[in-house]
Amino acid sequence: MEEFLKNLPASVSKTELLKILQEFQDKYGYLDNDFIHELSKKIGIQPGKIYGIASFYSQFRFKPRGKYIVNLCSGVACHINSSENLINEFTKLTSLKDGETSADGKITLELVPCLGGCANSPVVKVNDKYYTKVTKTDLLKIIQGLK
Amino acid sequence: MEFTITINNKKVKVSNNEKILDVLRRIGINIPTLCNVPGLSPTGACRLCVVELKDTNELVPSCSTPVREGMNISTHSNKVINARRIIVNLLLSNHPDNCLYCDKRSNCELHQIAESLNITERSFHGEPKKSKSDRSSPGILREMSKCILCGRCVRICEEVLGISSIDIVNRGKNIEIETIFKKGLFYSNCIHCGLCIKYCPTGAIIEKSYVQNLIDKLNYTEKEKVIVISNSTIADISNFYGIKKFTDCRNNIVGALKDIGFDKVITLSPGNEIFVYENAVKILNHFKDKSNKTLIVTDCPATKKYIKSELSELAPLLTSIPSPQQILAKFFKKSDDSNVLMTVVTPCVANKYEAVQSSNTTKGVPDIDIVISSNELLKLFNTYGIEFPYSRKQIPDNPSNSDTSAGALFETKGGISETLIRELLYLNQKSYPKKLFEIKNEKNFIEFTFELNNQKYTIASIHGIPALKEKVEDILSGNYLFVELRLCENACADGCVQLQDDDPDKFKKIKKLILDYDETNNSDTASKNPFIKAYKNNNLKQK
């Protein structure tokens with residue numbers, strides 16, 4: 001983190017806040033308390049305000065995420081093809097709910113409104129890999145494959 | 001540029017850039033508002049201030065709409081009132097119903113507005129807000145289930161203080177007012193000044209009440225019960241009940257508290273006097289060192305925290321004398337296992353925060369056991385059925401029986417400066433003018449000048465963070481001998497937990513009460529008090 005702050009230009013404009021937050025999250029996965037406080041000193045926006053701004057956008061995370069991000073779709077098309085059963089099944093198998101990360105830091109479950117594969121719903125995405133027309137047995141295999 | 005607009009069929013002269021709401025307030029038309037705070041940026045969040053533009057038939061929020069030439073405005077048309085009713089009904093749809101147990105009770109602005117719009121039952125049944133409360137701060141309690149998201153607290157914290165301890169987080173229906181990482185005020189950069197309490201229209205941000213705790217302790221403790229009342233509280237109560245003389249009200253309160261069961265009732269004056277004396281000694285030493293730095297004298301815990309965290313360049317200039325109430329706490333609790341239950345009454349929540357600071361505790365127990373506010377004192381009186389003027393009068397106990405009027409003057413606007421200069425001159429040449437020479441008297445900034453050893457010195461009295469921010473350069477460059485800092489615009493009497501009173505001249509009246517007391521009193525500087533003389537001798541012996 002110190003390195004990241006060092007690499008920032010000496011004076012940063014307030015308008016660059018979102019860009020910096022994005023860059024930090026790309027590198028470290030989430031925005032942490034220390035980073036927000038350090039950035040606040042540099043950019044001249046109070047930490048509480050930075051948190052307020054960042055929390056407006058769903059792209060920013062404030063907790064560490066797992067190695068594998070599992071996106072289950074809860075959109076309309078997937079819902080019609082019983083994605084809710086998949087979500088319940090996932091929670092049953094891993095005891096994770098939306099936004100939670102497993103204790104070993106491997107899996108994070110995030111529900112998303114649409115993954116753009118409605119024709120092949122229900123869709124599951126693990127990091128950059130898509131699984132289409134997923135059944136409960138497929139889901140079990142997917143989870144078992146996350147090592 | 002000036003032009004005329006029509007409001008409720010009457011022609012009104014307005015100037016360019018004025019907002020409709022400001023015009024309405026100027027000409028005395030009342031419309032309900034919830035999110036608007038005069039002087040802060042309008043957000044149009046609550047929409048209660050809607051007015052109808054007759055020519056276009058549209059409803060616009062008057063707080064954020066500037067006037068335009070030829071506008072024809074209706075402020076209470078059927079359409080407007082219906083819109084306001086719907087808005088309030090929607091605000092109430094997920095608002096808790098437990099008004100009976102809410103600290104705000106009849107002072108709740110939402111309640112008053114609902115009443116004025118004749119809303120008597122719930123029209124929309126929303127999912128009740130989940131009760132989330134932030135109890136981390138010793139002085140401020142945030143019950144977010146009662147929050148209507150008007151954002152007043154957020155704007156006060158950002159625009160007046162520049163701290164932004166709380167902000168609007170999340171989005172859409174998940175919006176809430178929260179501190180960083182939702183950890184609570186105590187773990188944020190909050191300075192516990194309580195301005196948010198003062199501005200919250202509902203019971204969402206209130207002071208943490210300790211009055212029932214005090215009553216319980218009163219009945220069950222064997223310890224000696226000491227209560228310290230700040231002079232601003234006395235003046236506030238005096239003004240509230242229309243008691244003309246400060247000392248009359250003080251003696252009334254002392255009598256009442258004795259009847260309730262306190263063993264010792266004293267005022268904060270001895271603490272203030274020691275504070276003034278200690279600071280005077282520090283400043284005189286400062287002369288001897290021939291230092292050109294400006295010293296900062298403040299007894300305000302919120303200001304101290306603000307300087308330490310936000311203006312750290314000023315921190316070395318603080319005289320760092322403990323605050324008056326802490327001085328008294330140390331005086332009464334000399335030994336570790338002291339047999340004293342110490343209560344302090346002030347109009348300020350920052351004192352509640354100060355009391356739990358580790359430097360003000362002994363073996364983890366706060367030196368001041370309970371801090372209650374002026375408001376809570378009134379509740380205590382109500383519990384015991386006490387009304388003012390009270391039949392029993394009594395002068396305060398030792399060491400307050402020899403109070404000087406400087407102790408009371410200390411708590412008024414510019415009071416630290418006045419009492420401190422008196423004391424400096426008294427220590428130096430045994431004489432001083434009763435009235436100081438003011439060279440500048442702006443709203444929250446007063447400059448005084450005085451002569452000491454044939455040399456002229458200037459000092460400044462700064463009230464409020466915005467005024468302080470403007471003067472940081474002047475302080476750093478050593479333009480003043482010392483500056484007095486306080487966070488509330490009208491000094492301690494303006495604390496956020498003062499008695500509720502809409503009188504705009506309230507603080508003038510309160511100051512006048514204390515000034516009258518000061519004028520008729522000959523014992524008017526700290527060192528004239530026998531108690532301070534004894535304190536000095538004691539200090540010398542210890543050295």
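Predicted model: local features only at pLDDT ≥ 70, side-chain atom pairs only at ≥ 80, totals over all residues.
Let me begin with the interface. Here, 15 residues of chain B are in contact with 11 residues of chain A. On the chain B side, the largest share comes from strand S8, residues 166-169, which contributes 4 residues.

I turn next to a strand pair within chain B. Strand S3, residues 50-53, and strand S4, residues 58-61, run antiparallel and are joined by 4 bridges. One of the residues involved is B:Val51, whose bridge partner in S4(B) is B:Val60.

In chain A, consider helix H2, residues 17-28. Its 12 residues should span 16 Å at 1.5 Å a residue, and because its end C-alpha atoms are 16 Å apart, the expectation and the model agree. After H2(A) comes A:Gly29, with a positive phi near 90°.

Finally, the cores. In soluble globular proteins, nonpolar side chains tend to be buried together. In this model, the largest nonpolar core has 136 residues, and those with the most contacts inside it are B:Cys153, B:Ile197, B:Val228 and B:Val483. Which residues does B:Val228 contact, leaving aside its neighbours within four places in sequence? They are B:Ile266, B:Leu268, B:Gln325, B:Leu328, B:Val344 and B:Val345. Another core, of 15 residues, lies apart from the largest one and includes A:Cys73, A:Cys78, A:Leu86 and A:Val123.

Technical notes: Residues numbered from 1 in each chain as written. Chains lettered and ligands numbered in written order. Contact = placed C-beta atoms within 7 Å. Helix = DSSP H or I, 4+ residues; strand = E, 2+ residues; numbered from the N terminus. Pairing = 2+ DSSP bridges. Expected span 1.5 Å × (residues − 1). Core = buried A, V, L, I, M, F, W, Y, C linked by C-beta atoms within 7 Å. Buried ≥ 20, exposed ≤ 12 C-beta atoms within 10 Å, placed from the backbone.
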